[in-house]
Amino acid sequence: MEVKLCRITGFCSGVRAALELTDDMLKKHGPPVFILHDLVHNESVVNDLLMRGAKIVDEPEGLPPGATLIFSAHGVSEAVEARARALPLNIVDATCPLVRQVQKRGAALSEAGHAVLLFGKAGHREVEGILGRIPGEKHLLTNPEDARAFEPAPGRTYACISQTTMNSDVIAEMTAILRGKIPGLVESASVCHATLTRQNAVRELAAACDLVLVAGSAHSSNTLRLCEIVHNQGARAELVSGPEAVTPELLRGAKCVGVTSGASAPDTLVRGIYDAVQRIAESEKAF
Ligand code: SF4
């Protein structure tokens, strides 16, 4: 059995920056430091923060006066930000600058008079934050079926943007569908650079492997998109949360196993999974 490590793994710049900011706050103010929702979508990373004195909260209200409250890398809506800033809290904004760009683009397109079509996953924090920054008409389209079913109003102008971690192939498909029925559609939907390079690297890896292990969490959007891309390339994708999940049964039948990760999985986790696959590959050689 051959084992290949994806050429891009580990934290993206937005996740790394959010973690560094939280570390700084823990050092500067001491625990507890409060985080509005999970800082990033990875259980091992969040558990580590909890052990070091971070506390996850769902609302800005009810915290002790003067407490530090961190907005997660996914960003928050304008209304949530206003509620938090009206309280006697030390607000620290860890929104990824690339998410912030999409929020601003959505607001600017809306202010320019367009109805905004956001491609993204319903209920995802990033999506709620972007929608909550668009002042005018907006519609969430979650997949190509939604794009096909969408009926534009005659005479209305439309612009499309997307969640930063969507599957870039799906964005292209949805944009093409809408282009066919909305003359003059402003096409501004794209994934962030980190997502694009990672998705391209996974396409290459999946083309060379028959099984790809994707390190990450089931509630991480970018991680699930990587599984989807592996599957679309014709390989088997398995989402694994850690090295303990790597068993001979999981790898059975695979001639070439690839290892990759979502943008919120630490390098140590990826390395642990890679080493676990190597150990099984070597023990098979010994027989
Ligand atoms: S995936 Fe992209 S937008 Fe999201 S945190 Fe990472 S760099 Fe930022």
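This is a predicted model: local features need pLDDT of at least 70, side-chain atom pairs count only at pLDDT 80 or more; totals for chains, interfaces and linings use all residues.
Reader: Where does the ligand sit?

Author: The ligand sits in the largest cavity. A cavity is a set of points on a 1 Å grid over the protein atoms alone where a 1.4 Å probe fits but cannot get out. A molecule sits in one if more than half of its atoms lie within 2 Å of its grid points. Residues are numbered from 1 along each chain as its sequence is written, and side-chain values use heavy atoms, with hydrogens and water left out.

Reader: What makes a residue part of the shell around the ligand?

Author: One of its heavy atoms must lie within 4 Å of the molecule. The residues around the ligand are Cys12, Ser13, Gly14, Cys96, Leu98, Val99, Thr164, Thr165, Cys192, Ala194 and Thr195. Helix 1 (13-29), helix 4 (97-111) and helix 8 (193-208) each supply at least two shell residues. Helices here are DSSP runs of H or I with at least four residues, strands are runs of E with at least two, and numbering starts at the N terminus.

Reader: How many shell residues are nonpolar, polar or charged?

Author: Six are nonpolar, five polar and none charged. Ala, Val, Leu, Ile, Met, Phe, Trp, Tyr, Cys and Pro count as nonpolar, Asp, Glu, Lys and Arg as charged, and the others, Gly among them, as polar.

Reader: What makes strand 2 and strand 3 a pair?

Author: Pairing needs at least two DSSP bridges. Strand 2 (residues 33-36) and strand 3 have four, and run parallel. So they count as paired. Val33 stands opposite Ala54 in strand 3.

Reader: Which order do the strands of that open sheet follow?

Author: The order is 3-2-4-5, with parallel pairing. Strand 3 (54-57) and strand 5 (90-93) are at the edges because each has a single partner strand.

Reader: Which strands does helix 3 touch?

Author: Helix 3 (residues 78-85) touches strand 2, strand 4 (68-71) and strand 5. Contact means heavy atoms within 4.5 Å. The helix direction makes about 170° with that of strand 4. Axes are lines fitted to C-alpha atoms, for helices over the stretch in contact, and angles run from 0 to 180 degrees between N-to-C directions.

Reader: What is the strand order of the other open sheet?

Author: Its four strands follow 7-6-8-9, with parallel pairing. Strand 7 (138-141) and strand 9 (186-187) are the edge strands, each pairing on one side only. Ala159 has Val186 as its bridge partner in strand 9. Helix 4 packs on this sheet, at about 175° to strand 8.

Technical notes. On a 1 Å grid over the protein atoms alone, a cavity is a set of points where a 1.4 Å probe fits but cannot get out, and a pocket is an open set with protein on both sides within 12 Å along at least five of seven lines; lining residues have an atom within 4 Å of a point.
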